[in-house]
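Visitor: I have a chain open here and would like to talk it through. Could you take my questions as they come?

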Amino acid sequence: MKTVIKRILFFGILFIVWQVAVTVLNISESLLPAPTDVFTSLYTGFADMTLVYDLAASFKRLAIGLVIALTLGLILGVFLAKSKTADETLGSLIIALQSVPSIVWLPLAIMWFGLNEAAVTFIIVLGATLVMTLNMRTGLKNVPPLYIKAAQTMNYKGFSLFWKVMFPASIPYAVTGTRLAWAFAWRALMAGELLSTGPGLGYKLKFASDFGDMSLVIAIMLMIMVIGVIVDLLFFQRVEKSVMKKWGLDQN
């Protein structure tokens, strides 16, 4: 049985069990709404375009933050890989900072920037930059010495050695770093938008929660999960597999 069919059957059964459990146990909608109520909220949100506007606002923030994060991560990763002193000092700080969840930075972001776009962008950039930096640094550090020695015998050195040999060899790590950066940025965005002034999916989630609209809360949670899975499975996993295959790293 194909994986897609298995997943459709699994989630179909899961929604049926959910619907039956809510109906039979007579669970209050304010605690756990039925799937039919959740899908009704989704339909209403898309029909009146409110969820469309929130989704567009969230993706705009994500795109800005992710571009900045990938650029900074690339630069910092190269810097750490090329400088032993920086790797031993700044590198240890970056590793320590990565262990701090993005949502922990929210109070500082609000104090520094206020409740505005800059605070949300800061959370996104911080969440994605660190993982991209470490992956880029690891990729450059793990370039096989044989590649470098072979290039040096052909008079490659300095920037030409980096650009023609080391950077291409680290591309698989860069792709993996980009994929992880997207995941970290997506989570950081939702955390940041919870305290934003809107619009955005995170803001809408908090708004629905404050007014006790649990159907809309779960609907937005499902949207966040589905978007994350779709982007990861249909884009990043395919790109990653293609790169791994091209570089001869695919184990299948």
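Visitor: Where does Glu 193 lie?

Guide: Glu 193 lies in helix H9, where helices (H or I, at least four residues) and strands (E, at least two) are DSSP runs, numbered from the N terminus. Before going on, this is a predicted model, in which local features need pLDDT of at least 70 and side-chain atom pairs count only at pLDDT 80 or more, while totals for chains, interfaces and linings use all residues. Residues are numbered from 1 along each chain as its sequence is written, and side-chain values use heavy atoms, with hydrogens and water left out.

Visitor: Is Glu 193 buried or exposed?

Guide: Glu 193 counts as buried because its relative accessibility is 0%; buried means under 20% relative accessible area, exposed over 50% and partly exposed in between, with a 1.4 Å probe and protein chains only.

Visitor: And what does Glu 193 touch?

Guide: Leaving out residues up to four places away in sequence, Glu 193 touches Ser 58, Arg 61, Val 120, Pro 199, Gly 200, Leu 201, Gly 202 and Tyr 203, a contact being heavy atoms within 4.5 Å.

Visitor: Which residues touch the most other members in the largest nonpolar core?

Guide: That core has 44 residues, and Leu 140, Trp 182, Trp 186, Leu 189, Leu 201 and Ile 220 touch the most other members. A nonpolar core here is a set of buried Ala, Val, Leu, Ile, Met, Phe, Trp, Tyr and Cys residues joined through side-chain atoms within 4.5 Å.

Visitor: Which helix gives the most to this core?

Guide: H11 does, with 10 residues. Among the helices that each supply at least two residues of this core are H1 (3-24), H3 (50-82), H9 (171-193) and H11 (214-246).

Visitor: What does Ile 220 touch?

Guide: Not counting residues up to four places away in sequence, Ile 220 touches Leu 51, Leu 201, Lys 204 and Leu 205. There is also a second, separate core of 8 residues, which includes Trp 105, Leu 106, Phe 122 and Ile 123.

Visitor: Switching to the whole chain, how many helices and strands are there?

Guide: The chain has 11 helices and 0 strands, and of its 252 residues 39% count as buried. Among contacts with a separation of 6 or more, residues 24 or more positions apart account for 70%.

Visitor: What does UniProt list for residues 55-235?

Guide: An unreviewed UniProt entry lists "domain: ABC transmembrane type-1" there, in the numbering used here, with the feature name shortened and annotations that may be inferred rather than shown by experiment. Over residues 55-235 the chain is 84% helix and 0% strand, with the end C-alpha atoms 19 Å apart.
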